[in-house]
Amino acid sequence: MYYINCIADLVEHLYEKKSCNDKKGRKLYFRGESKDYGDSAGTPSIGRNNRLLKEHNIFRECERRLPDEFKNCKTTFERLVNMQHYRIPTRLLDVSLDPLIALFFSVYDDPLSGEDTSDVDASVLIYSVPKNVIKSHCSDAVSCVSNIAVYSHDNLDIRNFSPDYENGRKGFNKQTSIQYLLHEIKAEKSYFSSFIDKKTLESVFCVHPLLDNPRVKMQQGAFLLFGIDGTRESLAKLDSTNIDRERLIVPSKAKHRIKEELFIIGKTVDTVFPDWVGVSDYLGRFWNL
């Protein structure tokens, strides 16, 4: 296990790792968590506390109660990003292209969490992602996985469905469950062909969103979008799409120094959150308001 006691430790660790990944055609993404969750680190919020079977109800209730918040969203993925922004549980996981942003979040005491994590170890997660699973926000594969969030017919159990390429492109996509999912996808893309690759639904994709949000821009944000592991009762595994993950530990005793170092180089709460939330937090911390 590698420990980060200062910014230099992280930079030193990444120096050789980035070079190796560049040669393999892989890209690095980063995530910081203020607690070390061990093996369950990097789990999307919808995958915790038995929320997966409530997913479509959560999604539709958000749409019903806050229609104006979604009126400019053209796709289900965009709606999920909006929900994620407001801390609603989704199958998205925030990551960043900037390792210092991840380090910031590993030591950040979020005033909205209601939890003091200053005395517990944190973690920085490093994802090594093959370029073939890095998608744009408008990708058809992204539409397929995103619309699992609004699927409500059944538990979408595809474990016993044969892939189409084993049945002359007929078996998988003729299943009633997949027909219902195709219906949801075509609601946003009327031109979508009536064909889904089974592997797509069981994948994890790294998605680059629209840069229409100041936070996403400043944090160089992206998302890991999780499909299903056979059924919607379980999230897809990273290895299903050949994504590697490494977990680095930030000891609790190192958090104060790292915060000071981040402050020196300008990674402060008001720059990471360039909106009223960030400015309010900044003034409260440094101006004692």
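These legends describe close-up views of a predicted model. Residues are numbered from 1 along each chain as its sequence is written, and side-chain values use heavy atoms, with hydrogens and water left out. Because the model is predicted, local features need pLDDT of at least 70 and side-chain atom pairs count only at pLDDT 80 or more, whereas totals for chains, interfaces and linings use all residues.

View 1. Seven of the nine residues of helix α5 (residues 99-107) are buried, so the helix is largely enclosed by the rest of the structure. The buried residues are L100, I101, A102, L103, F104, S106 and V107, where buried means under 20% relative accessible area, exposed over 50% and partly exposed in between (1.4 Å probe, protein chains only). Helices (H or I, at least four residues) and strands (E, at least two) are DSSP runs, numbered from the N terminus.

**View 2. The largest pocket.** The largest pocket holds about 1,500 Å³ of space. Of its 47 lining residues, R31, R87, D94, F105 and D110 are the closest to its centre. On a 1 Å grid over the protein atoms alone, a pocket is an open set of points where a 1.4 Å probe fits, with protein on both sides within 12 Å along at least five of seven lines, and lining residues have an atom within 4 Å of a point. Grid points are joined across faces, edges and corners, and the volume is the space filled by probe spheres set on them. Elements that give two or more residues to the lining include β1 (26-33), α4 (76-85), α9 (214-218) and α12 (276-286), while β2 gives the most, with five residues. The lining divides into 21 nonpolar, 13 polar and 13 charged residues.

**View 3. The two sides of helix α7.** In helix α7 (residues 176-188), the buried residues are S177, I178, L181, L182, E184, I185 and E188. Seen down the axis of α7, these buried residues fall within an arc of 160 degrees, so they line one face of the helix; the arc is that of the directions from the helix axis to the C-beta atoms. The face turned away from the buried side of α7 carries the exposed residues H183 and A187. The cover over the buried residues of α7 includes α2 (55-65), α4, α6 (140-146) and α8 (198-201).

**View 4. The surroundings of S128.** S128 lies in strand β3 (residues 122-130) and counts as buried, at 6% relative accessibility. The side chains of S128 and R26 are joined by a polar contact of 2.7 Å, a polar contact being a pair of N or O atoms within 3.5 Å. Leaving aside neighbours within four places in sequence, S128 is in contact (heavy atoms within 4.5 Å) with residues including N21, K27, L28 and D244.

**View 5. Two loop residues with positive phi.** Most residues other than glycine have a negative phi. R87, in the loop between α4 and β2, has a positive phi near 70 degrees and counts as exposed, at 52% relative accessibility. Q220, in the loop between α9 and β6, has a positive phi near 45 degrees and counts as partly exposed, at 37% relative accessibility.

Conventions:
Ala, Val, Leu, Ile, Met, Phe, Trp, Tyr, Cys and Pro count as nonpolar, Asp, Glu, Lys and Arg as charged, and the others, Gly among them, as polar. A polar contact is a pair of N or O atoms within 3.5 Å; within protein, one must be able to donate a hydrogen and the other to accept it, and residues adjacent in sequence count only if both atoms are side-chain atoms.
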